[in-house]
Amino acid sequence: MQKSMMIYFNPNSGKGESQKIANEVESMLRKRGLPVFQLKTNTKDEALKKIASEVNNVDRIICIGGDGTINVLVTAMLRARKVVPIGLIPSGTVNNFAQKWKIPADIKSAMEIILRGKLRSVDIGECNGQAIISSLVFGSLANISNEVRQTEKQKYGFAAYGYNAIKQIGRNHSYQTVFFNKTFSMSAKVWVCLMTTSNYVGGRKYLEQTEDGLHVSMLNNMKINKILNLSYFALTGNLRKSTTLTAFDIKEIVVRNIDEERIATRIDGDEGPKLPVKIKWLPKLIQIYVA
Ligand SMILES: Nc1ncnc2c1ncn2[C@@H]1O[C@H](COP(=O)(O)OP(=O)(O)OP(=O)(O)O)[C@@H](O)[C@H]1O
């Protein structure tokens with residue numbers, strides 16, 4: 001028996017138009033005679049619970065929102081230990097994940113991709129039970145990103161991060177941490193540590209050569225003279241050629257703080273768990289519709 005399709009949308013994502021988009025998507029699907037329903041949620045916690053209980057009753061989920069919205073969906077699937085194919089309708093501010101997979105922002109074109117039905121398996125990460133669909137970051141830069149408000153993002157888009165990153169250069173505070181797994185252990189002073197599931201950030205390719213795993217790039221401090229060096233390599237997609245950076249790929253790692261100070265992570269643009277964290281690479285765990 002054909003199961004129903006579920007539309008999951010986040011009323012807070014992007015410019016707050018997700019409910020309108022959900023109605024449009026629902027009527028497009030109904031016109032084709034496809035069984036569909038909308039999942040109404042107002043908070044992240046409510047969404048996590050409702051998705052986990054509905055995921056067994058549906059055969060695919062259309063997700064309307066940005067990276068934070070997709071993260072909630074995939075985290076709920078991890079908790080329910082059940083994954084179903086995901087169709088993306090980008091309606092967030094940055095939409096890093098959708099950009100990486102070349103999903104158009106235009107609703108009709110994004111729906112065509114879903115209805116064509118071509119699926120692709122995609123690697124993600126997991127941090128203390130939460131999904132990482134694009135990135136995890138911690139350190140001084142993450143602290144300031146945690147200060148970027150949804151209203152600032154709605155007004156200035158990705159530029160809100162650039163502005164806040166520049167403000168953070170003055171606050172040159174590095175954290176003493178230790179990274180370890182079964183085969184390796186490393187102490188590191190971290191100004192910022194970025195882990196990504198792909199070689200893209202903000203829709204731009206920032207790494208050329210990578211191995212299987214999550215891609216880690218780390219800076220132990222930030223001086224104004226490093227910015228040009230880093231910007232050049234990041235913009236040409238060769239960040240790992242920068243001499244100021246520590247970079248490696250990992251499949252599983254624990255990161256602990258050494259000092260008393262609590263260090264918050266930031267996952268897919270939202271505040272995540274505080275250190276210590278256990279991070280894992282989950283290859284080809286989810287399936288999304290692609291062009
Ligand atoms: N169902 C929900 N109801 C309310 N808030 C949600 C729900 N799902 C996710 N959120 C939260 O809403 C916030 C914004 O969502 P999202 O990140 O998707 O949009 P955005 O910030 O505009 O886009 P982007 O992350 O692409 O810049 C996030 O903090 C996310 O955790």
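Three helices each supply at least two residues of the shell around the ligand: α2 (44–54), α3 (67–80) and α7 (150–156). The model is predicted. Domain 1 (4–117) and domain 2 (135–282) both give residues to this shell, so the ligand lies between them.

**Ligand shell**
- In total, 24 residues surround the ligand.
- The closest are S13, G66, G68, G92 and V94.
- By type, 16 residues of the shell are polar.
- The rest of the shell divides into four nonpolar and four charged residues.

**Nonpolar core**
- The largest nonpolar core has 62 residues.
- I62, C63, L73 and L88 have the most contacts inside this core.
- Domain 1 (4–117) and domain 2 (135–282) each contribute at least three residues to this core.
- Leaving aside residues up to four places away in sequence, L88 touches C63, I70, A98, I103, A110 and I288.
- In soluble globular proteins, nonpolar side chains tend to be buried together.

**Strands that pair with β18**
- Strand β18 covers residues 277–289, and strand β5 covers residues 119–127.
- β5 and β18 pair in the antiparallel sense, over eight bridges.
- Within this pairing, G125 stands opposite W281 of β18.
- Strand β15 (residues 252–257) is also joined to β18, by four bridges.
- β15 and β18 run antiparallel.
- Here I253 has I279 of β18 as its bridge partner.

- Strand β16 spans residues 264–267, and strand β17 spans residues 270–274.
- Three bridges join β16 to β17, and the two strands run antiparallel.
- I267 stands opposite D270, a residue of β17.
- β16 and β17 form a hairpin, with two residues between them.
- In the turn, D268 has a positive phi of about 50 degrees.

**The chain as a whole**
- The secondary structure comes to nine helices and 18 strands.
- The chain has 291 residues, and 39% of them count as buried.
- Take the contacts between residues at least 6 apart in sequence: 74% of them join residues at least 24 apart.

**Check yourself**
- How many bridges join β15 to β18? There are four, and the strands run antiparallel.
- Why does the ligand shell lie between domain 1 and domain 2? It lies there because both domains give residues to it.

How values were computed
Residues are numbered from 1 along each chain as its sequence is written. This is a predicted model: local features need pLDDT of at least 70, side-chain atom pairs count only at pLDDT 80 or more; totals for chains, interfaces and linings use all residues. Two strands pair if DSSP finds at least two bridges between them. A residue is near a molecule or strand if its C-beta atom, placed from the backbone, lies within 6 Å of it. Ala, Val, Leu, Ile, Met, Phe, Trp, Tyr, Cys and Pro count as nonpolar, Asp, Glu, Lys and Arg as charged, and the others, Gly among them, as polar. Domain bounds come from an automatic or database domain assignment. A nonpolar core is a set of buried Ala, Val, Leu, Ile, Met, Phe, Trp, Tyr and Cys residues joined through C-beta atoms within 7 Å. A residue is buried if 20 or more other C-beta atoms lie within 10 Å of its own, exposed if 12 or fewer, and partly exposed in between; C-beta atoms are placed from the backbone. Two residues are in contact if their C-beta atoms, placed from the backbone, lie within 7 Å.
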